[in-house]
Amino acid sequence: MNCGSIVEYYFSALGRHEHGSVMYTDPAEAPEILFSTQAAYTGDLNDDCMVDLSDLGILLAAWDSQPGDSHWDPRADINDDDHVDYSDLGILLANWGAGL
Ligand SMILES: [Ca+2]
Ligand SMILES: [Ca+2]
């Protein structure tokens, strides 16, 4: 799920008439294409657009785990260093309350 702040992308096209292709030479006539998406919150481990106790629970359930451990959960490895520890907890807490 995407949520959080809206990120917008603008593109414009410039060019000229060429073998029947529709191109544009005037910037004012060039089509502008807008892509809009919403970035997920860092620390939103269960992807519900909120950083809250549910996410903390996921992180704690995977505490001190590495890939291959029975309680490993890659969602909890926020900084992607293959270990769930204080670094990940710090990131989650820094984003605590996002989306609420
Ligand atoms: Ca969440
Ligand atoms: Ca980590």
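## Contacts of I78

Leaving aside neighbours within four places in sequence, I78 is in contact with T42, G43, D88, I91 and L92. The structure described here is a predicted model. I78 also belongs to the largest nonpolar core, which has 10 residues.

In soluble globular proteins, nonpolar side chains tend to be buried together.

## Overall organisation

The protein chain contains two helices and two strands. Helix α1 covers residues 53-61, and helix α2 covers residues 86-94.

Of the 100 residues in the protein chain, 15% are buried. Among contacts between residues at least 6 apart in sequence, 48% join residues at least 24 apart.

## The pair of helices

The axes of α1 and α2 come within 11 Å of each other and cross at roughly 180°. Because of this crossing angle, α1 is roughly antiparallel to α2. On the side of α1, the contact is made by D55, L56 and L59. On the side of α2, the residues involved are D88, L89 and L92.

Sorted by class, the contact of α1 with α2 has four nonpolar residues, two charged residues and no polar ones.

## L92 in helix α2

L92 is located in helix α2. L92 counts as buried because 24 other C-beta atoms lie within 10 Å, where 20 or more are required. Leaving aside neighbours within four places in sequence, L92 is in contact with G43, V51, D55, L56, L59 and I78.

## A98 after helix α2

A98 lies in the segment after α2. A98 and T42 are separated by 56 residues in sequence, and the distance from C-alpha to C-alpha is 8.8 Å.

## The loop between the helices

Several residues described here belong to the loop between α1 and α2. One of them is D64, which has a positive phi of about 60° although it is not a glycine. D64 is exposed, with 11 other C-beta atoms within 10 Å. Not counting residues up to four places away in sequence, D64 touches V84 and D85. D64 and H83 are 19 residues apart in sequence, with their C-alpha atoms 6.4 Å apart in space.

D80 is found in the loop between α1 and α2 as well. D80 is not a glycine, yet has a positive phi of about 60°. D80 is exposed, with 8 other C-beta atoms within 10 Å.

P74 is also placed in the loop between α1 and α2. P74 counts as partly exposed, with 13 C-beta neighbours inside 10 Å. P74 and V84 are 10 residues apart in sequence and 8.5 Å apart in space, from C-alpha to C-alpha.

Methods
Residues numbered from 1 in each chain as written. Chains lettered and ligands numbered in written order. Predicted model: local features only at pLDDT ≥ 70, side-chain atom pairs only at ≥ 80, totals over all residues. Core = buried A, V, L, I, M, F, W, Y, C linked by C-beta atoms within 7 Å. Buried ≥ 20, exposed ≤ 12 C-beta atoms within 10 Å, placed from the backbone. Contact = placed C-beta atoms within 7 Å. Axes fitted to C-alpha atoms, helices over the stretch in contact; angles between N-to-C directions. Helix = DSSP H or I, 4+ residues; strand = E, 2+ residues; numbered from the N terminus. Parallel < 35°, antiparallel > 145°, perpendicular 65-115°, else oblique. Nonpolar A, V, L, I, M, F, W, Y, C, P; charged D, E, K, R; others polar.
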